[in-house]
Amino acid sequence: MSNNATWDQIKGAWRQITGKVREEWGEFTDDEIMEMNGEREQLVGKIQQKYGMARDDAQRQVDNWSRRVNW
């Protein structure tokens, strides 16, 4: 399965998997998670902002998480 197909599935199931987002990135508030609305780039940006990391590192975290998330 391509990463795009995986992300489309994540976006479609966002409300069901917000707990998994919280497990991975515990500093996000519920409001922040809901504001992302399954948008990959918003998630990457919030990780950069909250955790003070480079964009490449944030993208790598999101890619790794999206490959292993189960819902």
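Buried means under 20% relative accessible area, exposed means over 50%, and partly exposed lies in between (1.4 Å probe, protein chains only). By that rule, Arg40, Leu43, Val44, Lys46 and Ile47 of helix α4 are buried. This is a predicted model, in which local features need pLDDT of at least 70, side-chain atom pairs count only at pLDDT 80 or more, and totals for chains, interfaces and linings use all residues. Residues are numbered from 1 along each chain as its sequence is written, and side-chain values use heavy atoms, with hydrogens and water left out.

**Confidence**

- pLDDT is the predictor's confidence in each residue, from 0 to 100.
- The protein chain has a mean pLDDT of 91. In the chain, 90% of the residues reach 70 or more.
- Among the elements, α4 has the highest mean pLDDT (97) and α1 the lowest (81).
- Where pLDDT is low, the predicted coordinates should not be read in detail.

**Overall fold**

- The protein chain has 5 helices and 0 strands. Helices (H or I, at least four residues) and strands (E, at least two) are DSSP runs, numbered from the N terminus.
- From the N terminus on, the order of elements is α-α-α-α-α.
- The radius of gyration of the protein chain is 11 Å, which agrees with the value near 11 Å for a compact globule of 71 residues. This radius is taken over C-alpha atoms, and the globule rule is 2.2 Å times the number of residues to the power 0.38.
- The C-alpha trace spans about 30 × 25 × 15 Å along its principal axes.
- Of the 71 residues, 37% are buried.
- Contact means heavy atoms within 4.5 Å. Among contacts between residues at least 6 apart in sequence, 43% join residues at least 24 apart.

**The nonpolar core**

- A nonpolar core is a set of buried Ala, Val, Leu, Ile, Met, Phe, Trp, Tyr and Cys residues joined through side-chain atoms within 4.5 Å.
- The largest such core has 17 residues. Trp14, Trp25, Phe28, Leu43, Ile47 and Trp65 touch the most other members.
- At least two residues of this core come from each of α1 (3–12), α2 (14–24), α3 (30–36), α4 (40–51) and α5.
- Isoleucine 47 is in contact with Trp25, Phe28, Gly52, Met53, Ala58, Gln61 and Val62, leaving aside its neighbours within four places in sequence.

**Helix α2**

- Which residues of α2 are buried? They are Trp14, Ile17, Thr18 and Val21.
- Seen down the axis of α2, these buried residues fall within an arc of 150°, so they line one face of the helix. The arc is that of the directions from the helix axis to the C-beta atoms.
- Gln16 and Glu23 are exposed on the other side of α2.
- An α-helix has 3.6 residues a turn, so residues three or four places apart point the same way.

**Helix α4 and what follows**

- The 12 residues of α4 should span 16 Å at 1.5 Å a residue, and its end C-alpha atoms are 16 Å apart, which agrees. The expected span of a helix is 1.5 Å times one less than its number of residues.
- The buried residues of α4 fall within an arc of 165° seen down its axis, so they line one face of the helix.
- Lysine 50 is in helix α4. Lysine 50 is partly exposed, at 30% relative accessible area.
- Leaving aside neighbours within four places in sequence, lysine 50 is in contact with Glu27, Phe28 and Glu32.
- Glycine 52 follows α4 and has a positive phi, near 60°.

**Helix α5**

- Helix α5 (residues 55–68) has 14 residues. From first C-alpha to last, α5 reaches 20 Å, close to the 20 Å expected at 1.5 Å a residue.
- Ala58, Val62, Asp63, Trp65 and Ser66 are the buried residues of α5. They cover an arc of only 165° around the axis, which puts them on the same side of α5.
- Asp56 and Arg67 are exposed on the face turned away from the buried side of α5.

**Two more positions**

- Threonine 6 lies in helix α1. Threonine 6 is buried, with a relative accessible area of 11%.
- Glutamate 39 lies in the loop between α3 and α4, and is partly exposed at 30% relative accessibility.
- Glutamate 39 is in contact with Trp7 and Lys11, leaving aside its neighbours within four places in sequence.
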